Amino acid sequence: MDEFLIDKRLARQSFSRAAASYDEAAVLQREVARRMLERLQYVKHSPQTILDAGSGTGFGRTLLRSRYRSATIVELDFALPMLQASARAPMLTRLVDRLRGGHVHHLAGDVERLPLANNSVAMVWSNMTFQWCNDLDATFKEMRRVLQPGGLLLFSTFGPDTLKELRSAFGTVDGQTHVNRFIDMHDIGDALVRNGFGTPVMDVEHFTLTYADLKALMRDLKALGAHNVTQGRPRGLFGRATWQKLQTAYESFRKDAVLPATYEVVYGHAWKPERAELSSSGDQAVIRLDFPKRTRPSAQ
C-alpha cells in the first residue's frame with residue numbers, strides 16, 4: 001500500500017462537510033484563481049464550453065464569466081454539497097449568467113474519470129485540484145480526451161514545499177503520514193507531455209500565510225476540507241503529550257510574532273494538438289515562464 005494514496009471516500013466526506021465553511025477560509029485559493037485568470041491575458045483562445053474541474057463552491061465560474069461572457073460552464077466536483085453551494089449562488093450572479101447568454105451546468109464526478117464525452121469542451125480550468133488525485137497520468141489522459149482539438153488546459157496545484165513547516169513538525173512526532181505528497185513542477189510538465197499535450201508552460205510561486213498559533217492553522221485546514229485522508233494517516237486522535245510536542249516543534253518556525261505556513265503553487269497550461277496523431281519523437285520541451293512577483297497574501 002502506498003501511504004500517500006488519497007482515500008477518495010474520506011476526501012469526498014471531508015469536502016462535503018466543509019462546503020459551508022469553505023468560502024470563508026479559501027483566501028489563497030481565490031487569490032490563485034485570480035492569478036490564473038491573469039494568465040489568460042497571454043493566451044489567444046475563445047472557448048464556448050469550459051469545464052471547471054474541481055469547481056468547489058463556484059468562485060472560478062465568476063472569474064471565467066468575466067472573460068468569457070457567453071460560454072457554457074460545466075462545474076464538476078466530487079463533493080455534492082460543494083456543487084449545491086455553487087447552485088445557490090447569489091441572485092445577481094445567476095442574473096448575470098442569464099443576461100450574458102451563458103449556461104451553467106453542475107456535474108458530480110471525479111477528475112480521474114470524467115463523466116463527459118470525447119472532444120466535448122474547449123477549455124479545462126482546474127484550480128487546486130490535482131493534489132487530490134492518485135494518478136496524475138490518468139487525470140491528464142482524461143482531460144485530453146474531453147478536450148476538443150486545439151483545446152486548452154489551464155491549472156494550478158500545490159508543489160513539494162507546501163506546508164513544509166507542518167511536515168517538519170510532524171516528523172518529530174512519529175513516522176506516519178500527516179501531510180499530502182505534492183508533485184514537483186518538472187514532473188507535472190513531463191506528465192503533460194507524456195499524455196499528449198503540446199508545449200506545456202509552467203511556473204511557480206511561493207505564498208506564506210501567517211497564524212497566531214498552530215490551532216488557527218489547523219482550523220483553517222479543517223474549514224477547507226483539507227484533512228489528512230492519505231492511506232498512511234494515523235488512525236487515532238492525538239494525545240495531549242503528542243499535541244504539545246507538535247506545537248513545540250512548530251514554534252521553532254515563529255518569526256515576527258507569527259507562525260508561517262508555506263504554500264508552493266504550481267501553474268501550468270498546455271494545448272491538445274489540433275491533429276489527432278501524437279508525436280513520438282520525445283523532443284517536446286517544458287517551458288518555464290516567470291511572471292512578475294507580487295505581494296503575497298497573509299492571514300492572521
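Biologist: How many aromatic pairs does the count come to?

Modeller: The count comes to nine aromatic pairs, and please keep in mind that this is a predicted model.

Biologist: Why is the pair of F140 and F197 called edge-to-face?

Modeller: The ring centres of F140 and F197 are 6.3 Å apart, which is within the 6.5 Å required of a pair, and their planes stand at 75°, where over 60 degrees is the criterion, so the pair is edge-to-face.

Biologist: Which parts of the chain does that pair link?

Modeller: It links distant parts, since F140 belongs to helix 7 (residues 136-146) while F197 lies in the loop between helix 9 (185-194) and strand 6 (198-211), 57 residues apart. Ring pairs also link F140 and F197 with F130 and F155 into a cluster.

Biologist: What makes F140 and F197 count as buried?

Modeller: Buried means under 20% relative accessible area; F140 has 0% and F197 has 0%, so both are buried.

Biologist: How do you know that Y250 and F253 are edge-to-face?

Modeller: Their ring centres are 5.8 Å apart, within the 6.5 Å limit, and their planes are at 70°, over the 60 degrees needed, so this pair is edge-to-face.

Biologist: What sits over the ring of Y267?

Modeller: The charged end of R39 sits over that ring, 3.7 Å from its centre, where the cut-off for the distance is 6 Å.

Terms used. Residues numbered from 1 in each chain as written. Predicted model: local features only at pLDDT ≥ 70, side-chain atom pairs only at ≥ 80, totals over all residues. Heavy atoms only, no water. Phe/Tyr/Trp six-rings, centres within 6.5 Å; stacked < 30°, edge-to-face > 60°. Helix = DSSP H or I, 4+ residues; strand = E, 2+ residues; numbered from the N terminus. Buried < 20%, exposed > 50% of the residue type's maximum accessible area, 1.4 Å probe, protein only. Lys NZ or Arg CZ within 6 Å of the ring centre and 35° of its normal.
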